[in-house]
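I opened my notebook to jot down what I looked up, one topic at a time.

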Amino acid sequence: MKALLLSLLLLPLAAFAQAPVIQISGANFRPLPLAYPAPQAVDDGGKKATADFDAPFLFDLRASGLFQVLDRASFTADAKEGITAGSINFARWTDVGAESLVKVQLGAEGGTLRGELRLFNVGSGREDFKASHAVPASEPRQLAHFLADALYRHLTREPSPFLSRIVFVRKARDNRDVWTADWDGHNARALTSGGINLLPALGTDGTVAYTSYRKGQPDLYLQKAGGEAQAIVQNGQMATGVAFSPDGKRIAYAQAQGESTQLYLANTDGSDPKRITDTPYGINSSPTWSPDGKRIAFVSNRGGSPQIYVMNADGTNARRLTFQGNYNQTPDWSPRGDLIAFTARDERNAFDLFTVNVDTGKISRLTQDQGNNEEPVFSPNGRLILFSSTRTGAGQLFVMTAEGNNPLALPMEKGGGLTPDWAP
């Protein structure tokens with residue numbers, strides 16, 4: 001089994017503490033012009049896996065926001081060019097505007113698929129990074145995500161989102177089912193089958209919590225990977241908007257109480273619930289945790305319209321964070337701690353995405369004039385945002401940078417998605 005695990009070949013672990021090669025944030029950031037020709041196969045097994053490796057690897061590169069991935073149609077280098085510095089004509093890559101070059105080689109033997117990645121500086125002709133990995137021959141997509149993650153880590157000194165998982169709701173006729181998938185929407189698996197299932201949340205251990213009407217009323221359910229769903233909040237009142245604490249030990253959720261909706265904290269199994277808001281006739285919903293688990297952002301209409309508020313996790317010291325707009329909802333706190341993304345209805349009654357700086361209250365608009373855009377959620381490293389959009393017609397999941405750049409539709413195998421969540 002150990003033979004199938006990672007083997008990064010270039011840098012010692014201490015090197016990952018060094019300064020990043022690419023500074024992702026800042027006014028001076030620009031995507032790195034990158035050439036990535038089709039992978040080379042050293043045998044029939046590698047050739048068979050090429051297409052299933054290439055598509056997810058290319059999507060990871062494009063969606064990362066790090067690169068300007070150059071069009072292969074412009075490449076003038078020999079397609080049979082090797083993957084070592086001595087076999088590469090770097091002048092050909094300079095001619096097409098590449099500053100970096102990624103070469104990948106695939107081979108399969110004994111039920112194992114092996115991949116080797118090399119990164120070159122085109123200007124100097126120097127090999128800057130090399131990584132290899134082996135997976136079962138049936139998992140070329142897993143190999144692609146791993147090597148893309150290795151490249152991302154080398155350039156940024158932080159983990160990518162490429163090995164993470166997402167959860168979302170998919171509509172089918174009158175049903176709403178909860179699905180999990182790889183970060184790009186592939187390898188999707190339904191957790192529920194029929195009925196109305198809503199607002200899933202994904203824990204770092206793969207546990208999924210969601211609201212379901214399977215017994216005729218909106219209760220909260222918890223479902224561990226490979227296990228059966230277990231009701232954790234079922235008292236006849238609507239319970240929605242569950243969110244896992246960063247340490248995975250607690251949940252926050254909203255529960256209807258007469259003419260109001262209040263927020264509660266509980267252990268992950270639903271035990272020991274404690275109410276943390278108390279606004280008679282008011283609605284409090286959509287809790288999201290700060291990365292350190294000490295604060296919770298949420299939506300409340302206590303001031304007359306739905307706005308984003310922040311309070312301590314015990315419910316004390318609540319303060320209003322948004323003052324622009326009259327309908328702000330679905331907050332998600334960045335794992336980096338500085339921003340909260342949210343949905344707002346603008347003056348044209350269209351829904352768009354914004355961020356608010358937790359410390360300064362500064363609002364930044366991320367989407368505009370492209371259908372309705374809703375339900376943002378940050379990637380585990382805080383660099384990307386996943387969201388639902390109608391810009392192509394029916395609701396579909398898109399990903400973009402945390403600044404609102406480079407929006408791409410997830411290449412999902414079938415159907416769209418709503419109310420996503422994202423976890424390592």
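Predicted model: local features only at pLDDT ≥ 70, side-chain atom pairs only at ≥ 80, totals over all residues.

**A sheet and some salt bridges**

Strand β9 covers residues 175-182, and its antiparallel pairing with β10 runs over two bridges.

Next I asked which order the strands take in the open sheet. I read off β10-β9-β8-β31, four strands with antiparallel pairing. At the edges I found β10 (189-190) and β31 (418-423), each with a single partner strand, so one side of each has no neighbour in the sheet.

Then I went after charges. Side chains of opposite charge can pair when their charged atoms come close. I searched the whole structure and got 18 salt bridges.

I noted R141 and D184 as one of these pairs, with the closest N and O atoms 2.5 Å apart. R141 sits in helix α3 (residues 140-156), while D184 is in the loop between β9 and β10, 43 residues apart. Buried or exposed, I wondered about R141 and D184? Both are buried.

I looked at R72 and D54 too: their closest N and O atoms are 2.7 Å apart. D54 belongs to helix α1 (residues 44-63), and R72 lies in the loop between β4 (67-69) and α2 (90-95). R72 is partly exposed at 28% relative accessible area, whereas D54, at 14%, counts as buried.

My last entry is D346 with R365, at 3.0 Å between the closest N and O atoms. D346 is in the loop between β24 and β25 and R365 is in strand β26, so the pair ties together parts 19 residues apart in sequence. Shared partners join D346, R348, D352, R365 and D369 into one network of salt bridges.

Definitions and conventions
Residues numbered from 1 in each chain as written. Heavy atoms only, no water. Pairing = 2+ DSSP bridges. Salt bridge = Lys/Arg side-chain N within 4 Å of Asp/Glu carboxyl O. Buried < 20%, exposed > 50% of the residue type's maximum accessible area, 1.4 Å probe, protein only.
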